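Here's a quick briefing to read with the model open beside you.

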Amino acid sequence: MLPTITLRNVGTAAVTVGLLVAVLTLGTSTDRPFILALLLVLLGTGLRLEAAIRARNTSPEDGVSR
């Protein structure tokens, strides 16, 4: 269960940082900060999806994957 919680937390942090980078760099004329923000948001979304799939496939009683 711990890896699932860790994946979810890292995913949330990546999404948050990506959105923060996008908001803070709205005034710039280059696309590089937005590419970084997009990659962070996609990474965070992927990690959260993986954590959700792992949590769904793990039984709560014994923590063993089915």
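Setting aside neighbours within four places in sequence, Arg 8 is in contact with Arg 48, Ala 51, Ala 52 and Ala 55 (contact means heavy atoms within 4.5 Å). Bear in mind that this is a predicted model, where local features need pLDDT of at least 70 and side-chain atom pairs count only at pLDDT 80 or more, while totals for chains, interfaces and linings use all residues. Residues are numbered from 1 along each chain as its sequence is written, and side-chain values use heavy atoms, with hydrogens and water left out.

- Arg 8 sits in helix 1, residues 2-24; helices (H or I, at least four residues) and strands (E, at least two) are DSSP runs, numbered from the N terminus.
- From Arg 8 to Ala 52 you count 44 residues in sequence, yet their C-alpha atoms are 7.9 Å apart.
- Arg 8 has 30% relative accessibility, so it counts as partly exposed (buried is under 20% relative accessible area, exposed over 50%, partly exposed in between, with a 1.4 Å probe and protein chains only).

**The loop**
- Thr 25 belongs to the loop between helix 1 and helix 2, and it counts as buried because its relative accessibility is 16%.
- A polar atom of the Thr 25 side chain lies 2.6 Å from the backbone oxygen of Val 21.
- Leaving out neighbours within four places in sequence, Thr 25 is in contact with Pro 33 and Phe 34.

**Helix 2**
- Helix 2 takes in 25 residues (32-56), and at 1.5 Å a residue it should span 36 Å; its end C-alpha atoms are 36 Å apart, so the two agree. The expected span is 1.5 Å times one less than the number of residues.
- Pro 33, Ala 37, Gly 44, Leu 47 and Ala 51 are the buried residues to look for in helix 2.

**The salt bridge**
- Searching the whole structure turns up one salt bridge (a side-chain nitrogen of Lys or Arg within 4 Å of a carboxyl oxygen of Asp or Glu).
- That salt bridge joins the side chains of Glu 50 and Arg 54, at 3.1 Å from N to O.
- Both residues lie in helix 2, four residues apart, or about one turn of the helix.
- Glu 50, at 33% relative accessibility, counts as partly exposed, and so does Arg 54, at 39%.

**The whole chain**
- The protein chain has two helices and zero strands.
- Of its 66 residues, 23% count as buried.
- Among contacts with a separation of 6 or more, 54% come from residues 24 or more positions apart.

Terms used:
Polar contact = N/O pair within 3.5 Å; in protein donor to acceptor, adjacent residues only side chain to side chain.
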